[in-house]
Amino acid sequence: MTDAPDGTPKTADRWRQWGTRGLSVTRDASVRGWRWWTRTWDRLVAALQDEAPVGAGAAPSPSGPLVEQRHVPRLIAVPARGYVYSFYIRATFAWSSQASLRSEVLSWYVRYFQPNAIQRLTRLAADAARDLPPNRAGDLEVALQRALADDPIWRYERGEVVITCQPDASVRLDERIMPALQPHIDRLVKLEYQFDEQLRRARYAEELSRRWAEILAQHATVTGDQDFADARDHMLTAQRDAARWIKELLHHRSKHPADPIPSPFIPPQQTRPAPDTPPS
């Protein structure tokens with residue numbers, strides 16, 4: 001091989017050198033790429049099998065199945081009867097797998113399946129809310145909890161991996177309806193207080209009459225005094241009146257919870273005025 005008169009290699013030699021250099025670079029790049037791909041593949045397989053990744057800084061894998069709690073970031077809206085107002089569902093999902101998966105792998109499956117779980121919960125809530133007026137959020141929550149109790153664990157599969165989901169939900173009222181409900185709720189709170197007060201007085205009267213009847217019965221037995229016997233009979237009558245008062249209060253509460261307590265409910269041991277006598 002001879003050089004050109006100006007000292008540069010001939011054209012054929014230059015092409016041969018460039019080709020050799022290109023093959024060497026390609027070979028080195030292929031080897032490095034293959035090593036990188038092999039290491040990446042080993043890490044991926046180890047992650048899917050919940051094995052520690054190759055390396056000195058690998059953390060020990062947790063024992064047993066993991067559970068990941070996910071809150072739905074936005075409230076789920078379902079229409080109430082009439083499709084004017086809505087109920088709002090606050091949902092939480094507890095995700096887990098019987099297979100031992102690493103946390104990042106479980107998180108990937110949770111992100112993959114959670115839209116399906118939200119859609120399923122939305123259908124359940126919408127079916128239960130369709131016939132409920134917009135002020136019955138409590139009834140919707142009870143119906144939704146009953147439906148979830150009938151099927152508490154939801155299963156999702158992808159390949160050989162099975163992920164389970166345990167949903168939980170609570171219901172909130174539409175804020176637009178709260179001003180209309182406020183007076184009604186205030187009235188119910190007042191009636192509840194009146195009922196508790198009347199029931200407390202009735203129970204106190206019954207207990208007091210029972211104790212006095214026992215004391216008078218003991219004295220009447222010892223002394224044989226007719227006045228003690230009459231007083232004992234009077235206290236026994238008062239005790240029966242108080243017991244009947246309690247029964248009537250509870251019956252009225254169960255039948256008419258939103259109605260005020262009728263005026264005939266008076267404490268025992270108080271006499272009603274005669275029809276032709278004005279009250280004092």
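**Fold and confidence**

The protein chain contains 5 helices and 5 strands. Along the sequence these elements follow the pattern α-β-β-β-α-α-β-β-α-α. The chain has 280 residues, of which 27% count as buried. When contacts between residues at least 6 apart in sequence are considered, 67% join residues at least 24 apart.

The average pLDDT of the protein chain is 76, and 65% of the residues score at least 70. Confidence is highest in strand β2 (residues 76–79), with a mean of 96, and lowest in helix α1 (residues 11–48), with a mean of 65. Two segments stay under 50. Residues 49–56 form one of them, and the model has 12 contacts beyond four places in sequence for this segment. The other is residues 264–280, for which the model has 21 contacts beyond four places in sequence. Where pLDDT is low, the predicted coordinates should not be read in detail.

**Aromatic contacts**

A search of the whole structure finds 7 aromatic pairs. In the pair Tyr109 and Phe113, the ring centres are 6.3 Å apart and the planes meet at 10°; planes under 30 degrees apart count as stacked, so this pair is stacked. The two residues both belong to helix α2 (residues 103–129), and because they are 4 residues apart there, about one helical turn separates them. Tyr109 has a relative accessibility of 10%, and since the limit for buried is under 20%, Tyr109 counts as buried. Phe113, with a relative accessible area of 4%, is buried too.

Tyr109 and Phe113 also belong to a cluster linked by ring pairs, whose other members are Phe93, Trp95, Trp108, Tyr112 and Tyr156. Tyr112 has a charged neighbour as well: Arg158 lies over the face of its ring, at 4.7 Å from the ring centre.

**Cavity**

The model has 1 cavity of 30 Å³ or more. The space in this largest cavity is about 30 Å³. Its lining consists of Leu66, Ser96, Ser97, Ala99, Leu101 and Leu106.

**Two loop residues**

Pro73 is located in the loop between β1 (67–71) and β2. With a relative accessibility of 77%, Pro73 lies over the 50% limit and therefore counts as exposed. Pro73 and Ala91 are 18 residues apart along the chain, and their C-alpha atoms are separated by 8.7 Å.

Tyr83 is found in the loop that runs between β2 and β3 (86–96). Most residues other than glycine have a negative phi. Tyr83, although not a glycine, has a positive phi of about 60°. Its relative accessible area is 56%, so Tyr83 is exposed.

| Residue | Relative accessible area | Class |
|---|---|---|
| Tyr109 | 10% | buried |
| Phe113 | 4% | buried |
| Pro73 | 77% | exposed |
| Tyr83 | 56% | exposed |

Notes
Residues are numbered from 1 along each chain as its sequence is written. This is a predicted model: local features need pLDDT of at least 70, side-chain atom pairs count only at pLDDT 80 or more; totals for chains, interfaces and linings use all residues. Side-chain values use heavy atoms; hydrogens and water are left out. Rings of Phe, Tyr and Trp (its six-membered ring) pair if their centres lie within 6.5 Å; planes under 30 degrees apart count as stacked, over 60 as edge-to-face and the rest as tilted. Buried means under 20% relative accessible area, exposed over 50%, partly exposed in between (1.4 Å probe, protein chains only). A charge sits over a ring if NZ of Lys or CZ of Arg is within 6 Å of the ring centre and within 35 degrees of the ring normal. pLDDT is the predictor's confidence in each residue, from 0 to 100. Contact means heavy atoms within 4.5 Å. On a 1 Å grid over the protein atoms alone, a cavity is a set of points where a 1.4 Å probe fits but cannot get out, and a pocket is an open set with protein on both sides within 12 Å along at least five of seven lines; lining residues have an atom within 4 Å of a point. Grid points are joined across faces, edges and corners, and a volume is the space filled by probe spheres set on the points.
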